[in-house]
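Have a look at the structure first, and then we'll walk through a few spots.

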Number of protein chains: 2
Amino acid sequence: MSERLIGSCIFGQSGGPTAVINASAYGVIKAALEAEEITKVYGAAYGIKGVLNDELYVMDEEDPEELKLLMNTPSSELGSCRYKMADPAEDDSDYKRILEIFTKYNVRYFFYNGGNDSMDTCSKISRYLESVGYPCRVIGVPKTVDNDLYGTDHCPGFGSAAKYIATTCMEIGKDARVYSGGVITVVEIMGRHAGWLAASSALATAYGSGPDLIYLPEIGFDMDRFLSDVDRVYREKGKALIAVSEGIHYADGSFVSEAKTSASDGFGHVQLGGLASMLADVIHRHTGAKTRGIELSLTQRCAAHLASKTDLEEAVGAGREAVRLAVSGMTGKMVAFERDMSGGSYCCKHVMVPLSTVANYEKKIPLDWINAEGNGLKAPFLDYVRPLIQGEPERPTVDSLPRYASLRKVLADQ
Amino acid sequence: MSERLIGSCIFGQSGGPTAVINASAYGVIKAALEAEEITKVYGAAYGIKGVLNDELYVMDEEDPEELKLLMNTPSSELGSCRYKMADPAEDDSDYKRILEIFTKYNVRYFFYNGGNDSMDTCSKISRYLESVGYPCRVIGVPKTVDNDLYGTDHCPGFGSAAKYIATTCMEIGKDARVYSGGVITVVEIMGRHAGWLAASSALATAYGSGPDLIYLPEIGFDMDRFLSDVDRVYREKGKALIAVSEGIHYADGSFVSEAKTSASDGFGHVQLGGLASMLADVIHRHTGAKTRGIELSLTQRCAAHLASKTDLEEAVGAGREAVRLAVSGMTGKMVAFERDMSGGSYCCKHVMVPLSTVANYEKKIPLDWINAEGNGLKAPFLDYVRPLIQGEPERPTVDSLPRYASLRKVLADQ
């Protein structure tokens, strides 16, 4: 049994926003406020930057009802950052500063909510504090719409984004086929290195109105094969709807979005604008068809109005679990999810993964979940993603518009 | 009292899709199936084209439960068209063909669901049939996300699109302000000639998380003033969120989306891509700030998952009313809405407008609803739009994804 550690905690949010990262914030903050061992709960303004800048909000000062509304609020309410910590062996100034702040506020618990880079930050801080003999429990709370975190079945944020993408692609599927004339529509979906989000558009197809073709970064992109696929669908159906991951790349690793179009297509123009409009342009030149490019953009990662109840509850649960485990003595871990289908239906339990093994790996879609042609998903992927999008959470509204949390954000005395 | 007219009816959908045009379809079809005077109910494939091509679906053959699901189904389920009818004085071939088809199927009722151009079609057909002495009652059912139809307080389709735009802008508002660093985000919203949709983003601001500046086609665009507005907001807040109508244009009428950037800004580059990314680029060059352009694209007009219950019920009601009035003897009219606030709350009643007065006029936002600076909306606009977005309709789902209508689409014997 671990020693009882008494002191305050800091919670921070890091990396890109999601529909449910604030639900994890709620889980951490609520559990920390309830924990006897935790004397004060601070929220860092803009992630680790708020620690470095001594900009901490006192969460004890917040109205509990407003805190609860964090579950209905997209994006990172405390502010986020993309901040890469140096290797402490090379430059330990940030770490010294963190130690100074932690000492100043008697911080004994640190919870950091983010993706790969954030777990790297978390891991480095954890090891540094250990190396200098400062007792502090450090736990990572996973978050990323990209679903590319290693060591966990899936990641909070992904299920809600997948649900938004599937629903939106169903709607676009209906809209893009409304006229008798031919049209080819390209939808660009987030995912720089892993195709989980674009792959989720396969749900739309499975449920009756989705893309005919899906291209992922897991498979090297070949423009000739792509154009031939599109051509075939267009000739068969008179229309085509295509979903592409923003991260699709040629065999040499260069992103399609950044490259000139393949010389073999006879178009060597430098393209401006997004991937969707670039591909729409290439297809138009190739087929003569009317084309349209659609980029789902930010809306796909922050669409709280379509949050998955499963995702939201798991996000809250991961936050609570982080506090529970830290208080019970654990440190240097990330809360991860293990899927349990042994009862015949989806069930998810928490497991702990060492931070050091999570950081800086990217989990991709298993290749045997992608069809042989490299332009669609197979049943195991649908079985994987389906449980993650289930359920509609309660959505507080005012005049039929979302009611978001309104925090006081009282700064800690400096 | 009018003569009782017995015969079949044709219903057609025309123009761009909306989240609730199929709800009007349901209203028309259900009421027509119930009407004693109507012997058979045909749905035209791809609007008036389906009449010209003798491609009619027999709605009597559909499962009533699937028809009901039309209320949950975005886009135009029977197919739509953008087809401009000739002046019959110059070329009456289409009209002769329509008369031939109407005679063949003993069509005595024609319901056409669409916007300005569709009401023009409807009006021309009505007058032609009258001129040749073919008894047929022709009623227009309004539809357009653009809300620019003359003679009606508002238009089915607009309320749901406005709700989607407001909700999405609230989410983008949260996402676009998540980092401590400065960023300027431009959101492009539909509306070629009237700014109703872009203006609806003002709801997001009124409810706590929306654009700082809104630009509409009702006000001549001035790039210098625009950049100065953006600069001011950015300096004050460190971030800026800007909503623009796709139809903003310079004083000379040329669309900003099509023009080179103003020479007075010192950038004369030809721009590719959409308006949002073009303006983001101009702002970046002017301010040096990080910028992002977002085009809401098709998703804003077909987002049935965020449909307004008020809009949906009014769409169904307009369809039912069209049938009721036609059966009772009316012809050559469009079902319109009149707002009644006399009871202290929003109430809407049907009025009939001659088709000839609706066609080809575009209703714009009253200038006194736009602020003096021409970059935002005043309270009367919010009071106007608020009632139209209210309520959440029942949303049938399967596995948490929308369950759309699956029609048999049995073709009439040719």
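Which residue in β8(A) does A:Ile189 stand opposite? The residue is A:Ser245. Keep in mind that this is a predicted model.

**Strand β6 of chain A**

- β6(A) covers residues 183-189, and seven of the seven are buried, so the strand is largely enclosed by the rest of the structure.
- Both of its faces are covered. On one side you'll find A:Val183, A:Thr185, A:Val187 and A:Ile189, and on the other A:Ile184, A:Val186 and A:Glu188, all of them buried.
- One pairing partner is β8(A), residues 239-245, which runs in the parallel sense with β6(A) over seven bridges.
- Another is β9(A), residues 290-295, again in the parallel sense, this time over six bridges.

**Helix α1 of chain B**

- Most of the helix is covered, with eleven of its 14 residues buried.
- Among those buried are B:Ile21, B:Asn22, B:Tyr26, B:Val28 and B:Ile29.
- What do the buried residues of α1(B) pack against? Their neighbours in chain B are the strands β1 (7-13), β2 (38-44), β4 (107-114) and β5 (137-142), plus the helices α3 (64-68) and α11 (309-327).

**Helices α4 and α5 in chain B**

- α4(B) (residues 93-104) packs on α5(B) (residues 116-131) at an angle of about 70 degrees, and their axes are 11 Å apart.
- Angles of 65 to 115 degrees count as roughly perpendicular, so that is how α4(B) lies to α5(B).
- From α4(B), the contact uses B:Tyr95, B:Lys96, B:Ile98, B:Leu99 and B:Phe102; from α5(B), it uses B:Lys124, B:Ile125, B:Tyr128 and B:Leu129.
- Sorted by class, the residues of this contact come out as seven nonpolar, no polar and two charged.

**Helices α4 and α5 in chain A**

- Over in chain A, α4(A) (residues 93-104) and α5(A) (residues 116-131) pack at about 70 degrees, with axes 11 Å apart.
- That makes α4(A) roughly perpendicular to α5(A).
- Here A:Tyr95, A:Lys96, A:Ile98, A:Leu99 and A:Phe102 of α4(A) meet A:Lys124, A:Ile125, A:Tyr128 and A:Leu129 of α5(A).
- The contact of α4(A) with α5(A) has seven nonpolar, no polar and two charged residues.

Conventions
Residues numbered from 1 in each chain as written. Chains lettered and ligands numbered in written order. Predicted model: local features only at pLDDT ≥ 70, side-chain atom pairs only at ≥ 80, totals over all residues. Heavy atoms only, no water. Buried < 20%, exposed > 50% of the residue type's maximum accessible area, 1.4 Å probe, protein only. Helix = DSSP H or I, 4+ residues; strand = E, 2+ residues; numbered from the N terminus. Pairing = 2+ DSSP bridges. Contact = heavy atoms within 4.5 Å. Axes fitted to C-alpha atoms, helices over the stretch in contact; angles between N-to-C directions. Parallel < 35°, antiparallel > 145°, perpendicular 65-115°, else oblique. Nonpolar A, V, L, I, M, F, W, Y, C, P; charged D, E, K, R; others polar.
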